[in-house]
Amino acid sequence: MSGKVYLIGAGPGDPDLMTVKGLRLVQQADVILYDRLVPFEVLEDARPDAELINVGKQPTKHRFDQTEINRMIVDYALRGWMVVRLKGGDPFVFGRGGEEALACHEAGIPFEIVPGVSSAFAVPGYAGIPLTHRHVSSTFTVVAGYEDPTKPESSVNYAALAQTGGTLVILMGVKQLPQISAQLIANGLDADTPAAIIEWGATPQQRVVEGTISTLYEQALAENIQPPSTIVIGDVVALRQQGLRWFDLIASVQKTR
């Protein structure tokens, strides 16, 4: 008799943003396969006898490829174990949770999805950047800056994005920022559009660099901004300097204590 798999989102970095249901399942799990960006404080709540397996991926180095991770999830469930697949952010937002859920379905293993707080909106929120504002932006679009390299062509329509308006959030786009910026400007986005890049958002290591779509890459390069980082493009970025930098203020107070 098979066990059950729970695909759980651990949130964007602040362990306090883990959902109540997600934390309860972590406390009950027989085995937890966790990603690189999962807060270690969440793992401390696991059972002492639970098996913890780091399956996290770095931009240029993977402990396990996705096929191996899918196989491990299935194999542990087939032992009759309660399996938690713990992922940063939300499992269905650029988290490959859909692939893992399909692997469970094909193996006849029951599974549940436990949504998490996505970094797509939580990280800008911690940086003091509202994705929408009634006087500035009524829409926002979330885009993957990094796509499957085996795809014959990009599925991101930068020409449409440049004309859509509103706020643009780009995840996993640090290395591709020069190309992304160039495509957006070439397709009509004003080169002076405010932009920001947020490194290690929603954690004590958070850093924010602000500029415009035309200057942001050089500024990020000068500050040695690295993944994981979230890019926000749009007029809402300017609101950060109008009193919304709440997390920066908290962090600065804590550092002085």
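Let's start with asparagine 224, which is partly exposed because its relative accessible area is 49%; buried means under 20%, exposed over 50%, and partly exposed in between, with a 1.4 Å probe and protein chains only. Before I go on, this is a predicted model, where local features need pLDDT of at least 70, side-chain atom pairs count only at pLDDT 80 or more, and totals for chains, interfaces and linings use all residues. Residues are numbered from 1 along each chain as its sequence is written, and side-chain values use heavy atoms, with hydrogens and water left out.

Back to asparagine 224: its phi is positive, about 55°, although it is not a glycine. You'll find asparagine 224 in the loop between H8 and S12; helices (H or I, at least four residues) and strands (E, at least two) are DSSP runs, numbered from the N terminus.

Which non-glycine residue has a phi near 50°? That's tryptophan 200, in the loop between strand S10 (194-199) and strand S11 (207-212). With a relative accessible area of 33%, tryptophan 200 is partly exposed.

Now, helix H7, residues 177-186. Leu177, Ile180, Ser181 and Leu184 are buried there. They cover an arc of only 95° around the axis, so they are on the same side of H7; the arc is that of the directions from the helix axis to the C-beta atoms. As a reminder, an α-helix has 3.6 residues a turn, so residues three or four places apart point the same way. Among the elements covering the buried residues of H7 are helix H6 (158-164) and strand S9 (167-171), where contact means heavy atoms within 4.5 Å. Just after H7, glycine 188 has a positive phi of about 115°.

On to the rings. How many aromatic pairs does a search of the whole structure find? Four. Rings of Phe, Tyr and Trp (its six-membered ring) pair if their centres lie within 6.5 Å; planes under 30 degrees apart count as stacked, over 60 as edge-to-face and the rest as tilted. Tyrosine 126 and tryptophan 246 have ring centres 4.9 Å apart and planes at 65°, so this pair is edge-to-face. The two lie 120 residues apart, with tyrosine 126 in helix H5 (residues 119-126) and tryptophan 246 in helix H9 (residues 246-256). Tyrosine 126 is buried at 11% relative accessibility, while tryptophan 246 is partly exposed at 37%.
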